[in-house]
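Thank you all for coming. I would like to walk you through one structure, slowly enough that we can look at each part together.

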Amino acid sequence: MPAVSKGDGMRGLAVFISDIRNCKSKEAEIKRINKELANIRSKFKGDKALDGYSKKKYVCKLLFIFLLGHDIDFGHMEAVNLLSSNKYTEKQIGYLFISVLVNSNSELIRLINNAIKNDLSSRNPTFMCLALHCIANVGSREMAEAFASEIPRILVAGDTMDSVKQSAALCLLRLYKTSPDLVLMGEWTSRVVHLLNDQHMGVVTAAISLITCLSQKNPDEFKTCVSLAVSRLSRIVSSASTDLQDYTYYFVPAPWLSCKLLRLLQCYPPPEDGAVKGRLVECLETILNKAQEPPKSKKVQHSNAKNAILFEAISLIIHYDSEPNLLVRACNQLGQFLQHRETNLRYLALESMCTLASSEFSHEAVKTHIETVINALKTERDVSVRQRAADLLYAMCDRSNAKQIVAEMLSYLETADYSIREEMVLKVAILAEKYAVDYSWYVDTILNLIRIAGDYVSEEVWYRVIQIVINRDDVQGYAAKTVFEALQAPACHENMVKVGGYILGEFGNLIAGDPRSSPLVQFNLLHSKFHLCSVPTRALLLSAYIKFINLFPETKATIQEVLRCDSQIRNSDVELQQRAVEYLKLSSIASTDVLATVLEEMPPFPERESSILAKLKKKKGPGAVSVTELEDSKREGGELNGGGDRGPDTSAMAASNASTPSPSADLLGIRSVAPIGAAPTSAGSLLVDVFSEAGPTAASAAVNDDGFLSSAPPSEDPAPPLSEADELLNKFVCKNNGVLFENQLLQIGIKSEYRQNLGRMYLFYGNKTSVQFASFTTTVSCPGELQSQLNVQTKPVEPLVEGGAQIQQVLNIECLTDFSDAPLLNIKFRYGGALQNLTLKLPVTINKFFQPTEMSSHDFFQRWKQLSQPQQEAQKIFKANHSMDTEVLKAKLLGLGSALLDNVDPNPENYVCAGVIQTKGQQVGCLLRLEPNAQAQMYRLTLRCSKDSVSRRLCELLAEQF
C-alpha cells in the first residue's frame with residue numbers, strides 16, 4: 001500500500017484508493033464501491049455530527065467514485081456545507097465537488113450562490129479565487145445572472161490582489177462566452193482596457209484574453225485598447241530577456257503575452273494615429289530583425305517561442321496589407337522556413353505565404369520561391385504539407401507562370417494522394433481557364449486532366465470545357481481534332497467519351513475532310529466505346545449519333561441500323577429506349593430542312609460565375625474561401641471566364657432549336673448580364689454595353705429586366721460616410737481588388753474590371769460572426785452632380801446573411817463625363833437586434849477609365865508642348881509618404897491604368913505615362929511626369945490633360961499614392 005502523505009493527508013481516502021487498485025475483477029471493484037457507499041451514507045445520516053475533516057474525506061471518496069464512472073445521488077448537501085468552512089482544504093474540496101457534480105438546475109444552486117457571494121465579499125484572496133474558479137467551471141446561465149455584475153467590479157477595484165484579478169478576468173471571459181447578453185461592461189469598459197497598463201504581467205495576460213473576446217463583438221467600444229496594446233508590445237519587444245526575468249521563457253520575453261497582443265491588434269485596422277502606427281511598425285521590424293539573429297539556445301522551446309511571435313507578427317502584417325516593405329520582408333523570412341528541417345515550420349510558412357500571395361506588394365516576392373514550392377510538392381512526406389504547397393502554387397499563379405504551374409500540378413496529380421486529388425483537379429481546371437491566352441492549350445490541359453485523373457474530374461469540369469469550346473469559334477476545330485485523337489487510346493475514361501461525344505456531335509464536320517477522321521471513322525470510334533459506358537453517357541452518345549445524321553447524311557443508314565437494333569429500341573432503361581425510338585423516327589420522317597432546324601448547332605452558353613470555382617468554394621467549406629482568396633487575380637487583368645452553372649444538357653443538344661445569339665466567351669468574366677435594350681455585342685468586344693439609351697436613367701431605383709437597380713437617391717437615414725472613407729478610397733486608386741472595409745462584424749471585398757467608359761464591380765459581403773445578419777440591405781447613391789456624371793446600376797442582395805457566410809453583389813458602372821466625387825455605398829443590417837448603419841465611398845475614380853497609350857519620346861514631348869496652357873497643367877511637389885522603391889513605384893503607375901513609357905524622359909530616374917480617359921461624351925488625353933528626389937525624399941508630379949478638371953483631380957489622387 002502506498003505511503004499516506006503527512007499533514008492534511010486523508011488516510012481513509014488513501015486506503016480506499018489502494019483497495020480499488022488491488023481489485024482483481026470488475027465485480028470485486030463494484031462490491032468494494034457499494035460497501036463504501038453504504039458506509040458513507042450511514043455516516044451522513046447518523047445522529048453524530050461529522051467534523052469538517054470527515055465530511056471532506058467522505059466527499060472526496062464520492063468524487064473519486066464518480067470519476068470511476070459510477071452515479072452519485074447523495075452527498076451534495078454535505079459538499080455545500082463544506083463551502084462555509086474557514087479551512088482552505090475543506091472549502092477547496094467542496095468547490096471541486098460542486099464544479100464536477102452539481103447540475104446548474106439543481107435545487108441547491110441558491111445555497112451555492114450565497115456561499116460564493118460570501119466568499120467574494122470576504123476579501124480573502126484565496127477564498128475569492130476558489131469562488132471565481134467555481135463560477136468559471138460551472139459557467140451556467142444562472143451563475144452569469146447572479147455574478148455578471150459583481151465580477152467586473154472585483155476586476156477593476158484598486159485593492160484587489162493580482163491573483164484575484166487574473167481569476168476574475170478569466171472567469172468573466174468564461175461567462176461572456178456562455179451568456180454574452182448578460183455580461184454588459186458599460187461603465188467598466190475603459191477601466192478594463194486600462195488593465196493592459198497593469199504592472200503585473202499575469203494580470204495583463206489574463207485581461208488581454210478578455211479584451212480580445214470583447215473586441216470581436218464590440219469593436220468600437222474597445223478601440224482605445226489599440227494604442228495601449230502597441231505601447232505594451234513595444235516595451236516587451238524592446239526589452240532584454242533579463243528585464244522580464246519572471247516572464248522570460250527560454251530567453252524570449254513574455255512570448256504568450258506578445259502573441260496575444262499581436263492577435264488583439266488583428267481585430268482592428270491599422271492605427272490612425274501616425275505616432276502609434278510608427279511605433280507598431282517599429283515593433284514589427286524588430287520582431288523580423290530578431291528572427292534573423294542567431295538563436296540564444298539550442299533547445300526547441302526557444303525556437304518555438306521565437307517563431308510563435310514571428311508568425312503572429314506576420315499575420316498582423318498580412319492583415320494590415322499596407323506596408324510594402326514589411327510584406328516583402330515577411331515573405332523573405334517565410335521563404336527561409338520553406339527548407340527548414342522542422343515539418344511544422346514548413347507547413348506554417350506555406351500557409352502564410354498563400355495569404356501573402358494575394359497582396360499586390362508581396363506577390364512578386366512570393367513568386368521567387370516557386371522552385372522551392374514545386375520541390376516541396378514533389379518531395380514532402382507529409383500529405384498536409386504537400387496540400388499547402390499545392391494551395392500556394394494556386395495562389396501565386398499568374399499569366400507569367402501559369403503554364404509552368406499547371407504542368408507541375410498535372411505531373412504531381414499522377415502520384416498525388418487520393419484525399420486531395422479532387423481539389424487539385426478543380427484548381428488545375430480553374431487556373432487553365434483563368435490564364436488561357438491560347439485556348440488550344442486550355443483544351444489540351446483539360447483533356448490531359450481527364451486522362452490522368454478522370455475519376456476525380458467532376459461534371460462541372462467537363463461541362464465547362466464544352467461551354468468554352470462552344471463559345472469560341474477559334475478553338476472548335478482544334479478541340480474536335482484533339483478529342484478524336486484522345487478517343488483512339490485503347491482505354492478511355494468515361495468523361496473523355498462524354499466530351500468526345502459532345503464535341504464531335506457538334507463540330508465533327510470541321511475535321512471530316514481528313515480521310516483519317518471521316519464521318520464513318522468518327523462514328524465507329526464513338527460507337528466502339530458505347531457498350532463500356534454508363535446509361536447517362538450512352539444517352540449523350542445517342543444524341544451525338546442523331547447529330548451525325550444531320551452533319552453527315554452518308555452515315556444515316558449505318559446509324560439508323562444501330563438505333564433500330566433490339567438492344568436500343570427494347571432497352572430496359574426507359575431513357576435510352578425513348579431516345580432510340582424518337583431519334584429513329586425523327587431521322588426517318590423528317591425532311592432535310594426540318595432535321596437541320598431541329599438539330600442545328602448549340603447556341604453559345606450565357607456567361608455566369610464559373611461553376612468550377614463555386615464547387616471549389618463549396619469543397620473548402622463555408623467561410624473558408626475569404627475575400628483574400630478572391631484577390632489572387634489582383635495583379636492580372638485576367639479573371640475567371642464567367643461560366644454557366646448548367647451543364648451541356650444532352651437532350652437539349654439533340655433538339656437545339658434556340659437561335660438567339662450570345663456573346664462569345666470572355667476571359668474577364670464581365671459579361672454575366674446583358675441589360676435590356678443592349679445591342680448584341682460582337683465577338684471581339686470585351687464588355688457589353690450595359691447602359692443602353694433604352695435603359696432606365698432616372699435616379700429612382702427602378703429595376704430593369706435583368707434585375708439591376710439604377711443608382712438610388714440617398715436613403716432616408718443613411719449614416720454619414722466613415723471618417724476613414726477617403727483613406728479607404730485612396731487605397732484603391734492604383735488597384736482594383738482587395739478588402740475595402742473590415743470590422744469585427746463585416747468584411748467587404750471588392751473585385752472590379754474596366755474597359756473604355758464601362759466597368760463592372762463585384763462586392764463581397766462576409767459575415768465574420770456566427771450570428772445571422774437580418775434585414776441586410778445595400779444602397780448605392782450618386783450625390784449631387786455625380787448623378788449626371790456617373791451611371792451606376794446594382795443588383796439587389798439577399799436580406800439574410802448567415803453566420804460565416806458571404807454574399808455577392810454586382811454593380812455596372814458607366815462614366816458619362818469626368819467626375820471628382822465618389823458614389824456612396826450605404827449598408828444596413830440588424831445584428832443581435834441592433835441596427836448597424838454604415839456608409840463608405842465606393843472606389844470609383846476617374847483614372848479607372850484610363851486606356852493606356854504607347855508613345856515614342858518624340859511624340860510624347862511634342863504632345864507635352866501642345867498641352868501648354870496654364871489651366872491644362874496641374875503640378876504638386878510633396879514629401880514621400882512611402883518607401884521610394886523603384887518596383888513599387890512602377891507597380892503603382894501601372895495600376896493607375898495609363899501606359900508606363902520607357903526610355904522617354906532624358907533623366908532615367910523620372911517616370912512618364914500616357915493614356916486617354918474614356919467617357920461617354922468625350923476622350924481626355926493625359927500625360928504624366930513623376931520626378932523623384934531620393935536624397936530629399938520628395939516628388940514633383942506634373943499632369944497635363946486636355947481638360948483642366950481632369951488634371952487637377954488626377955494630381956490630387958496621385959499625390960496620396962507616393
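Let me begin with leucine 96, which at a relative accessible area of 40% is partly exposed, because that term covers whatever falls between the 20% limit for buried and the 50% limit for exposed. Please keep in mind throughout that this is a predicted model. Leucine 96 belongs to helix α5, which spans residues 88-101, and together with Leu67 and Val100 it makes up a nonpolar patch on the surface, where the three share about 260 Å² of accessible area.

If we take the contacts with a separation of 6 or more, 69% of them are between residues 24 or more positions apart.

Now to the strands, and here is a question for you: how many of the residues of strand β6 are buried? For β6, which covers residues 758-767, the count is 10 of 10. Leu758, Arg760, Tyr762, Phe764 and Gly766 point one way from the strand, while Gly759, Met761, Leu763, Tyr765 and Asn767 point the other way, and all are buried.

What does β6 pair with? Strand β5, residues 746-755, runs antiparallel to β6 and is joined to it by 10 bridges, and in this pairing serine 752 stands opposite methionine 761. The two strands form a hairpin with two residues between them, and glutamine 756 in the turn has a positive phi of about 55°. β6 also pairs with strand β9, residues 806-815, again in the antiparallel sense, over nine bridges, and there phenylalanine 764 has glutamine 808 as its bridge partner. In general, strands of a sheet pair through backbone hydrogen bonds, either parallel or antiparallel.

Elsewhere we find an open sheet of three strands in the order β7-β10-β11, with antiparallel pairing. Its edge strands are β7 (774-781) and β11 (834-841), each of which pairs on one side only. Strand β10, residues 824-831, pairs with β11 over eight bridges, and lysine 828 has asparagine 837 in β11 as its bridge partner.

Finally, please find asparagine 375 in helix α20, residues 370-379, which is partly exposed at 42% relative accessibility. Between asparagine 375 and alanine 389 there are 14 residues in sequence and 9.1 Å in space, taken from C-alpha to C-alpha.

Key. Residues are numbered from 1 along each chain as its sequence is written. This is a predicted model: local features need pLDDT of at least 70, side-chain atom pairs count only at pLDDT 80 or more; totals for chains, interfaces and linings use all residues. Side-chain values use heavy atoms; hydrogens and water are left out. Contact means heavy atoms within 4.5 Å. Helices (H or I, at least four residues) and strands (E, at least two) are DSSP runs, numbered from the N terminus. Buried means under 20% relative accessible area, exposed over 50%, partly exposed in between (1.4 Å probe, protein chains only). Two strands pair if DSSP finds at least two bridges between them. Patches are made of residues with over 30% relative accessible area and no salt bridge: like charges are joined within 9 Å, nonpolar side chains (Val, Leu, Ile, Met, Phe, Trp, Tyr) within 5 Å. Accessible areas come from the Shrake-Rupley method with a 1.4 Å probe; for residues, only the protein chains shown count as cover. A salt bridge is a side-chain nitrogen of Lys or Arg within 4 Å of a carboxyl oxygen of Asp or Glu.
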